[in-house]
Amino acid sequence: MTLNSKYNEAMEHIEVTPEMRNRILENIGNMDFAEKEQAKNVPFPNIKRFATLAACFAVMFVGALTLPDLLNSSHDLSTIGNNGIVEVSSVEALSETVDFEVVEPGNLPFKPENVVYTSYWAEMAEIVYTNGEQTAVFRKGIGSDDVSGDYNSYELTGKISVNNINVTLKGNDEAYTLAIWTDGAFAYSLALSEEIDETAWIKILQTMID
Amino acid sequence: MEYCLATERCLPSFVYILKKLFYFLSGILFENVCSQTDLSKTNDRERINYQAERMLSEYGNAVLRLAYSYLHNTADAEEILQDTLVQFLRTTPTLNTKEHEKAWLLHVASNLSKNRIKYNAIRQTDELMDELVAENRDDLSFVWETVKALPDKYREVVHLFYHEGYPTAQIAQILEMKEATVRSNLFRGREKLKTVLKEVYDFE
């Protein structure tokens, strides 16, 4: 006798009854789906349409005039990014660009061969460490919202305290790949490509949390 | 004189080109808005009702059972089923096959169920258990009670693997986790079941 056949037999007791079906269809029938769609389709005033056209032409015109100058400028393009994203060459330069102190994580589980320091709109600092196989991404941003940019769902979530700062660890299979924490003024995250256990995380975090 | 004639010859074509350019740009700007307006005007209730009925007929039981496996009561499972359908009707995802459609619904239902557990907002009744007990199906109530007692992460893979018949790779996609994790959870879930059921039953 197999358990799965018994389980399936039990599950067959759960089904959408005609009453349930009617209830759901009636509820859905009473919902206003059009309202949502209309909300997205805000009428665009005529004047704005033409203003948009004019703006497009203006941007093209200004771009055509200024682009050659920009390309021939003497600035070091490797350190100047677009839209406020600036790549710099050291953690000191990064701290200067974002205008707050950035401390590099120590005790990483691998030896980095390449490090990239980036400032995002002078609001968030990011350091990416790679060695070809493994990656570590450290972020520090103004405010207390999660800055990790990692929206994966993890089956494992742990809470630890390092020097009185609460750190949330996320991962799978009894090890963690992501740590997020905040000190109130800044939010921090460190994401690793390979999972490590809680003890190893504490060793890293102690180098960053005073 | 020649200059004037040349201007007269060129001017109409220049105006024509300008008109064409204007119509082209207007088309780009207005087309999307117009089509969306038409769509909202023809936001036919019939289409939505038809979709809802089709979804209920084809996947209602599967979604309801998955939700029940998480929440253990009919009222909550029914709400998850309804919310899942509403999310489908609102987002109208592009899904090429019925398998994808079902997997999408199970994925959403799983997330909605877990959210409900997370916020501890589930009811404390178990109509399935009541029904099995009323029918004197001790064998089934014993099995359900054992599966129900599993941790959520084991129960969800056990349900999708044994009841829905999904391979571990597809379960990994539905639950957004690594296949290795699915395999490990499935293994551990089975081990726990074996321990409790003391080999009265076995999974195939």
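The axes of helix α2 (residues 45-71) and helix α3 (residues 74-91), both of chain B, come within 8 Å and cross at roughly 140°. Helices here are DSSP runs of H or I, at least four residues, numbered from the N terminus. Axes are lines fitted to C-alpha atoms over the stretch in contact, with angles from 0 to 180 degrees between N-to-C directions. That makes α2(B) oblique to α3(B), because angles under 35 degrees count as roughly parallel, over 145 as roughly antiparallel, 65 to 115 as roughly perpendicular and the rest as oblique.

This is a predicted model, where local features need pLDDT of at least 70, side-chain atom pairs count only at pLDDT 80 or more, and totals for chains, interfaces and linings use all residues. Residues are numbered from 1 along each chain as its sequence is written, while chains are lettered from A and ligands numbered from 1 in the order in which they are written.

Which residues does A67(B) touch, beyond four places in sequence? They are A77(B), I80(B), L81(B), A109(B) and S113(B). Contact means C-beta atoms, placed from the backbone, within 7 Å.

A67(B) also belongs to the largest nonpolar core, which has 51 residues. V63(B), A67(B) and A109(B) have the most contacts inside it. Such a core joins buried Ala, Val, Leu, Ile, Met, Phe, Trp, Tyr and Cys residues through C-beta atoms within 7 Å; buried means 20 or more other C-beta atoms within 10 Å of a residue's own. Helix α2 of chain B gives the largest share, twelve residues. Apart from this core lies another, of 27 residues, including F138(A) and W201(A).

How values were computed:
A residue is buried if 20 or more other C-beta atoms lie within 10 Å of its own, exposed if 12 or fewer, and partly exposed in between; C-beta atoms are placed from the backbone. Helices (H or I, at least four residues) and strands (E, at least two) are DSSP runs, numbered from the N terminus. Two residues are in contact if their C-beta atoms, placed from the backbone, lie within 7 Å.
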